[in-house]
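Here is a friendly walk through a structure, written for reading with the model open beside you. Please have a look at it before going on.

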Amino acid sequence: MSSLSIPHLLGLHDVPKQDLELILDSTDTFLEILDRPIKKVPTLQGKTVVNLFFENSTRTRISFELAERRLSADVVNFSASTSSVKKGETLLDTARNIEAMKVDIVVMRHAAAGSVKFLSERCTSRFLNAGDGAHEHPTQALLDMVTIRQKTGSLEGLNVCIIGDIAHSRVARSNIYGLLTMGANVAVCGPASMIPYDLERMGVRVFTNIDDALDFSDVINVLRIQLERDAGADFPSLREYHNAFGITRRRLDALGKDMIVLHPGPINRGVEIESEVADGPYSVILPQVTNGVAIRMAVLYLIGTRAE
Amino acid sequence: MNILQNILDESGFDRMISRLAHEILERNQGVDNLVVIGLRTRGEFVAQRLAAKLTQIEGGTVQTGVLDVTLYRDDVRHHLKQPEVRATDITFDINDKHVILVDDVLFTGRTVRSALNALLDIGRSRTVQLVVLVDRGHREVPIRADFIGKNVTTSRGQEVRVRLREVDGLDAIDLVSTEA
């Protein structure tokens, strides 16, 4: 079958392997379009997509918007700072009003975990989660997976470690779900104060020492220390974090093996990752961004043209 | 699905490709600026054979590519079906080239319509010339082929099934009934 079994993309939790494979396999098609002189196909012509961003975002919103426009969808942008949310309208009322304007697909980001699922159950539009609180950010995990796969050919049996603030990270959560489904061995590493307990029960290994983690890994996904989320409460200082967990060229070179380094951006240079690594040969950070547009096109195509 | 009529067998297949190749060469006076692009899935392999035949007759090289038109289909946009999308693979520039567009069967013409749109997004070719192995009629849009292997009269409840060595293990074209 070449159709998704899921009507919405709310997260990667419980998404079956064949759906993940279909999305990942479709990405090449869309990457090819991004290399053309005319980077546009008519597939979603006549469909309206609204980007409903209750939380700030630059790169995810631009990436989604490019993907939508390259599929010829009509795009409406909504951001909370300029909307009636400020005037006290509830989430459901906002969504119902938007839906009354006959929108086909809603791409949504919100600070509350579960908010996208909540609306998807109460509206008829298709929903794509662009990040809900500390819950999930499925397209980020998909683009991470496709980037890894381009390098390694497969995710099966690969050792992938996610490094940083795991507890507050929707990127980590989506990656863990997706990678486990695809048969990778997943580990996390970070200060004990930033690692949720019970992760082992999901089949995830936990490292609190960075060198052990690097030793284990074929791929590392370095998360951003979210300064705005008052990460300072979980460790003494940025400098100390960098000394204990920062990814440096010296640490990677000392391993004497291939390593793939991902980072969802934006980078705090010199905190979680050194410039020499971010811009160096181990890094696939910019390919991640290109793949992000392609994977979002794939998801929009598969969700947007799925037979009811 | 039962076979009503065998339209072409293994040996006829090669003769048909040869004749089409000669016709293409006659019309274009050689292989200069000629590129061959097949439509997924079976057009891809017919295109490769045609290109091989062209080189065999004329010498030189003929570039081949594959076009996937899924994203341009009108039935996808109307939720009629969701075929698997696969990548277009055209690694050369088609600007100012004579594009020989290859498909196995010409039926409603909608696939070719999608292909023409897809080609326009890749570049502006000098000409587009359509080659099909079988034209079975029942056009829904004003499209015609430039080179036709065989015209076959069919009814709507029938289907022209093309099997190719590369995909199906043998070369054959049959008229089959899709009615149970």
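## About the model

This is a predicted model, in which local features need pLDDT of at least 70 and side-chain atom pairs count only at pLDDT 80 or more, while totals for chains, interfaces and linings use all residues. Residues are numbered from 1 along each chain as its sequence is written, and chains are lettered from A and ligands numbered from 1 in the order in which they are written.

## Chain B as a whole

Chain B has five helices and eight strands (DSSP runs, H or I of at least four residues for helices and E of at least two for strands, numbered from the N terminus). Starting at the N terminus, their order is β-α-β-α-β-α-β-α-β-β-β-α-β. The radius of gyration of chain B is 16 Å, close to the 16 Å from the globule rule for 180 residues, so chain B is as compact as a globular protein of that length (the radius is taken over C-alpha atoms, and the rule is 2.2 Å times the number of residues to the power 0.38).

The C-alpha trace of chain B spans about 50 × 40 × 30 Å along its principal axes. Of the 180 residues in chain B, 39% are buried (20 or more other C-beta atoms within 10 Å of the residue's own, with C-beta atoms placed from the backbone).

## A helix pair in chain B

Helix 1 (residues 10-28) of chain B packs against helix 2 (residues 42-58) of chain B at an angle of about 65°, and their axes are 9 Å apart (axes are lines fitted to C-alpha atoms over the stretch in contact, and angles run from 0 to 180 degrees between N-to-C directions). Residues in contact (C-beta atoms, placed from the backbone, within 7 Å) include B:Ile17 and B:Leu20 of helix 1 of chain B, and B:Leu50 and B:Leu54 of helix 2 of chain B.

## A helix pair in chain A

In chain A, helix 2 (residues 59-70) and helix 11 (residues 285-304) pack at an angle of about 55°, with axes 8 Å apart.

## Where the chains meet

The contact takes 20 residues from chain A and 17 residues from chain B. Helix 1 (residues 17-34) of chain A gives the largest share of chain A's side, four residues.

Definitions and conventions:
Two residues are in contact if their C-beta atoms, placed from the backbone, lie within 7 Å. A residue is buried if 20 or more other C-beta atoms lie within 10 Å of its own, exposed if 12 or fewer, and partly exposed in between; C-beta atoms are placed from the backbone.
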